[in-house]
Amino acid sequence: MALDDGDYGIGFVLVDEFSMIAFISAIEALRLANRVTDAKPYAWIALSSDGRPVCASNGIEISVDASLNNAPQLDAVFICGGVDIQNHEDRAVMAGLRRRV
């Protein structure tokens, strides 16, 4: 989904072996909120540390819109991890998050 002026822009940073159900549930809640309003206030993009696709814990690969460092200005950023998040420490993601605070 493209981000337009006036949107509440949300970025989802996908980490290797992220939980698909958490990611999809968050997006579906935003999609349904947009559906019941005429304004469609929420927009979201999927991000990764390097802009390349990320594989979820269920084995499905998800394409992303950009790397965290190349993402547009966002109102909120969520990290989508999984059960073994400690095994996927990513310095690029941590640095990108620090720059956005």
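The questions and answers below concern a predicted model of a protein chain.

In this predicted model, local features need pLDDT of at least 70 and side-chain atom pairs count only at pLDDT 80 or more, while totals for chains, interfaces and linings use all residues. Residues are numbered from 1 along each chain as its sequence is written, and side-chain values use heavy atoms, with hydrogens and water left out.

Reader: In which element of the protein chain is confidence lowest?
Author: Confidence is given as pLDDT, the predictor's score for each residue from 0 to 100. The chain averages 87, and 90% of the residues score at least 70. Where pLDDT is low, the predicted coordinates should not be read in detail. Strand S4 (residues 61-62) has the highest mean, 97, and the lowest, 72, belongs to helix H2 (residues 91-100).

Reader: What is the order of the strands in the open sheet?
Author: Helices (H or I, at least four residues) and strands (E, at least two) are DSSP runs, numbered from the N terminus, and two strands pair if DSSP finds at least two bridges between them. S1 and S2 are joined in the parallel sense by six bridges. The edge strands, each pairing on one side only, are S5 (66-67) and S6. With parallel pairing, the four strands have the order S5-S2-S1-S6.

Reader: At about what angle does H1 run to S2?
Author: Axes are lines fitted to C-alpha atoms, for helices over the stretch in contact (heavy atoms within 4.5 Å). Angles run from 0 to 180 degrees between N-to-C directions. H1 lies across S1, S2 and S6, and its angle to S2 is about 160°.

Reader: Is Phe-12 buried or exposed?
Author: Buried means under 20% relative accessible area, exposed over 50%, and partly exposed in between, with a 1.4 Å probe and protein chains only. Beyond four places in sequence, Phe-12 touches residues including Phe-23, Leu-30, Trp-44 and Phe-78. Its relative accessibility is 3%, so Phe-12 is buried.

Reader: Which residues does the cluster of ring pairs link?
Author: Rings of Phe, Tyr and Trp (its six-membered ring) pair if their centres lie within 6.5 Å; planes under 30 degrees apart are stacked, over 60 edge-to-face and the rest tilted. The whole structure has four aromatic pairs. Tyr-8 and Tyr-42 are edge-to-face, at 6.2 Å centre to centre and 80° between the planes. The cluster links Phe-12, Phe-18, Phe-23 and Phe-78.

Reader: Which residue stands opposite Tyr-8 in S2?
Author: Tyr-8 is partly exposed, with a relative accessible area of 38%. The residue opposite Tyr-8 in S2 is Tyr-42.

Reader: Why does Ser-67 count as buried?
Author: Ser-67 belongs to strand S5. Beyond four places in sequence, Ser-67 is in contact with Leu-47, Ser-48, Ser-49, Asp-50 and Gly-51. Ser-67 counts as buried because its relative accessibility is 8%.
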